[in-house]
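Here is a set of questions and answers for a first look at this structure. Read each one with the model in view.

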Amino acid sequence: MILEIKDITKSFGGVVAINDTTFHINKNEIYGLIGPNGAGKTTMFNIITGNYKPNSGKVILDGKDITNKKNYNIVKYGIARTFQNIRLFSSMSVKENILIGLQNAANYTYIESIFRLPRFFSQEKKIAKRADEIIDFLNLTEYKDELATSLSYGIQRKVEIARAIATNPKLLLLDEPAAGMNPNETHDLAQLLFQIRDKFDITILLIEHDMKFVNHLCDRVMVLDYGKTIFEGHIEDAIKDEEVIKAYLGDFKHA
Amino acid sequence: MDFITFIQQLINGISLGSMYALIAIGYTMVYGVLRLINFAHADIMMVAAFAAFFAIDSLEVSFVLATIIAILVSVVTGILTDRVAYKPLRHSPRISLLITAIGVSFFLENIVNVTFGGTPKSFNAPEFFDTIIELSGATLTPTVIIVPVVTVLLLSILLFILYRTKYGMAIRALAFDIKTVSLMGIDSNRIIMIVFIIGSALAAVGGIFWAISYPILTPYMGVMIGLKAFAAAVLGGIGSVSGAVLGGFILGFTEVAVVALYPELGAYKDAIAFVFLIIVLVLKPTGIMGINFEKSRF
Amino acid sequence: MKLLNKVLTISACAMLSASIVTAKEVKIGVIMPMSGPIGGFGQSANKGLEVMHSMNNKLDNGDTVKLILIDNKSDKIESANSASKLISSDKVTAIIGALTSTNTMAMTKIAENAKVPVVAPVATNILVTKRKEYVSRVCFSDAFQGEVAANFAINELKQKEAVLITDVKLDYSIGIAKIFKRAYKKLGGKIVKNVRINSGDTDFKAMLSNLKAMKPKFIFFPVYSSEAGLIAKQARQLGIKAKFLGTDGMTADKVFFKAGGKAVEGFYGTNLFSSDAPKTTELSKKFDDTFTKQKNESVHPFGVLAADSYNIIVAAMNKCKDPADNVCVNKNIRATKNFKGASGVISIENGDAKRSAIINIIENGKEKYLTTVNP
Amino acid sequence: MAKLNKNFIVYLLISIAFICISPYVFEDYGMRILNNIFIFIILAVSYNLINGITGQLSLEPNGFVAIGAYVTALALLSEDMKWELFQLEDPSPWVLGLNLDLIPALLLSGVVASAVAFVLAVPVFRVRGDYLAIVTLGFGFIIKVLAINSPEVTNGSIGLNEIPSVINVYWTGGIAIVTVILILNVVYSKYGRAMKAVRDDEDAASAIGIDTFKIKTLAFITSAFFEGIGGGLLAVLLTTISPDLFTFFLTFQLLIIIVLGGLGSMSGAIIGTVLVIGGSEWLRFLDSSMNIFGYVTDAHPGLRMVVFSLVLIIVMLFAREGIMGKKEFSDIFRKKK
């Protein structure tokens, strides 16, 4: 068990976004968080990554309580994320974006960088090599020196995932990774995520609307509706679940 | 401190505070809708004071007409500032907008400096304002009564506009979320223009009161007043009109109180506003009226 | 870096073309704050200079005197740059400027190194001329004015208790206040309260209300016109009935009279010059008339002093075989004895002007001559 | 990286050669402007670190420059001279005791300025964006008020004079080069990348594991350090300082410099300095009366400042990238490849 969510409740000014939700994710699992708009999925992400403080409940990663940790520290504990609307650093190339992910892997001090002491060079070399490995693995080599935000949507998604992987996470959170992609791209992405899981030995938690994609990819899913868990288990069972069908009003027919 | 002096200082505080309040309203409203510290706001006040000076001294018109001219000039300056300098940058990084605002502020100061010359100008207010009223030891001039009364009156009108009229609703909606409002079919640029008109008109009134009370005008007169008024707006809770007025009064009273109680600290008077600012930011960034940054405003 | 060369070349060209020499001419550099916070003072001083130059721009040997004005934007860095430019590119023989003491001190070192005489019209701080070979001034120093004020307060106004208002932002004000305090105490006076203000302040009511409770009889306030006018007005509004004594900075700008209005009636002021004082020199009268005719306003004290800075330099040049010989000009400037200038009779000793002070009282919105104090 | 270094060495050698020959090429006036330019390069490049690279509009440089200037001035003035200068109050004992050579004095200036920056970082970076601008602006004013009202340390509004002029263009130029190199070292390191990330998207930076408060504070302190040193050099160059030297106008000049050069580009900051400091000398003709096709205009003192503020607005409206954008000299050559 890599992540444990215990009795999380979060409300904004009286409106309950997440109501007493509990679930867990096993190691190397691909876990889907689904549900209609406004169900509290992104809020859950923000709680896990430390952007919001829950009103009650606990987030436990690999046995460690990370509930009220600052978001930049949570990355060090081993959680990385991507955003629903891609947020790459606009003034930087693809490689630089990935180097930002390797920020904590480069082990030298500020003084060492100002005076260019030996450790600066060895560490920079190390992370540059690591960045190239990630770039190669994700087939981004040809875009390496391009301005990240000048690339196509699909590529930007990949860069964002690459940046997240660079932080060497145990758990990767993807917020609608397939949004805006055509079926071919979606298929490739799914394959890529499998590869990532295997190669980097990580667990993936994703929010997604594309049920075909979820079906193909996820080992287990949880369905949220207005902050409440209405289903947890295998996707095949979810499609048959009455409450889920009611919440989605037939969205599953396509699946 | 004896009772008469206390009353006298109280009066001093009220009249100083109301002028800060009038100018602080403009900062708070523009910040509400654009999330911008309009550095040029206090200079619009200065422009109004100079316009009134010019109207009285060179055009030789009556005080009332001069006031109207000053309000018109500052409203036009306000609208132009927004249209020419701020509107093209609505969707740019905030830092660009801020730098432009600083540029506009310097531009206004220096264009007035070149036009009128750098020597301080004296403002000829009607004799009426110089009448001295004696109340058992404490002395007043009509300004110290008129200024707070007008301030409160204008605040009431403004609150009525904000809460009871269509435009007011639109301004508040805009302060809440600029994107949604545009989707709702409200012309946000038009609403922003109205905000600039209100802010500039209030700044003009503040500028004229300032010129009557302290009848020496220089092109750089707005700099310090502006900084203090902004600090007052933050103190009251930026985005809140009533907060700005409250902040203005608190600042006015504190300045007077510090000079009155600790005369040896008199030279540090100008630093008080910033000390307030820093304390508020450290302890309660939302200010006294406590409006949440990302939630509703006004 | 090429660009730098280019900029400098272009500026050099611009300067050359601006000063194409036709007849033999001698150059005097003028550094004044024409813009920025104290731009108003520089503009007033420059007007006097312009009028004086129009009255007399020829040396005895027929050479023309050319003035080169540079705006220092009320700024120290600019003052130093300007002095450097005037000396090394424009090759001026002498420099007039740079109004305030602090800005003047930013350029004296440069002039001293290049042996170019500086004549300061109104830089009153005692440090300006201290240990300087090439720096002189035509105004009296803060020390003299402080003493004159203390003497006047004790002997003429018969005031043994004084409230002192100092503008801490103004070196001029602290300089005078310091000497006044010492001299006043020596003469048996007592400073009952010392109040600090900042120039640029507009609201003095809180401070004045406190003073009012003390019922002061006499207030000495060596501050500039804007603050003096506002203090006068607000003091009257609060009903303070004390005798006020100011210094030349008080009446330096007419804004004092305009803003002060009725409130400044009966104020006393020490000054270098008064357009109302009996004319001690012929030039004084002539300058006064020409100024009023040309500029359509009455003479500003800073203007007269700038004009006299010019006159003293010109007189010194006339005594030299080569009027462009800066060392000789400096020697003669510093040897000035009983020079009959537009502002009165001036002698220069160790760079400091020995001159009489005038005391005025304000009546009907004008300075009225009371008495002259000789050093 | 390697390519950058090779280009960089070429620029370095050109700069050193230029500094070495400059005393033989320029007269006093030119040398003074050149010294000014070098000092402003130090100020602009360090200001650009917080403002352009990290994207935090701070308006404090005048405060840090003032701190640096006073520290260096006090350290260089002899004890006797201090007794002579201090007119208002006796100098405080530690002021009298402060006696250092130029290099330690400059370093102390930097250290004191960054210490103040460190204390200030807490209120300043607690909130984002515009507040930073206003708090730092206020801080600049407070420093001035303190300088005026602490006569036992600063000699009040009279200021300090007779500061020994122990520098020449080798000092200003040399320190400018060192500053540029050290700041570039910061920019091209993981810390510099983090600063840019904070500028581009603070939330995303934080989500990727960057302690944004720490990064902003680092940039702020570093920038204050070099601004302090620049202030020290300015004091020595002018040989006299007083509170009126450190007004918001100084900050405004630096702002124009980096905006014109391109926010975020160190090369841009250098070009901007040359243009603004050199150009400001060149534009002097604007203030005097002009003869345009036989029509003589009146003198308009202050017109230069109108032009500068217009330049700032126009650059922001129509050419927000400035001259260099976010690029450096070396990038231009790389593109050509």
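**Domains, sheet and chain contact**

Chain C of this predicted model is divided into domain 1 (10–140 + 280–355) and domain 2 (142–271).

Q: Which element gives the most to the side of domain 1 of chain C that touches domain 2 of chain C?
A: The contact joins 11 residues of domain 1 of chain C to 11 residues of domain 2 of chain C. On the domain 1 side, α2, α4 and α11 (301–318) of chain C each supply at least two residues. With 3 residues, the top contributor is α2(C).

Q: How many charged residues are on the side of domain 1 of chain C that touches domain 2 of chain C?
A: That side divides into 5 nonpolar and 6 polar residues. The number of charged residues is none.

Q: Which strands are the edge strands of the open sheet in chain C?
A: The sheet has 5 strands, paired in parallel, in the order β2-β1-β3-β4-β5 (chain C). An edge strand pairs on one side only. In chain C these are β2 (64–71) and β5 (135–137).

Q: Which residue in β2(C) does Ile31(C) stand opposite?
A: Strand β1 (residues 25–32) of chain C runs parallel to β2(C), and 8 bridges join the two. Opposite Ile31(C) stands Ile70(C).

Conventions: Residues are numbered from 1 along each chain as its sequence is written. Chains are lettered from A and ligands numbered from 1 in the order in which they are written. This is a predicted model: local features need pLDDT of at least 70, side-chain atom pairs count only at pLDDT 80 or more; totals for chains, interfaces and linings use all residues. Two strands pair if DSSP finds at least two bridges between them. Helices (H or I, at least four residues) and strands (E, at least two) are DSSP runs, numbered from the N terminus. Domain bounds come from an automatic or database domain assignment. Two residues are in contact if their C-beta atoms, placed from the backbone, lie within 7 Å. Ala, Val, Leu, Ile, Met, Phe, Trp, Tyr, Cys and Pro count as nonpolar, Asp, Glu, Lys and Arg as charged, and the others, Gly among them, as polar.
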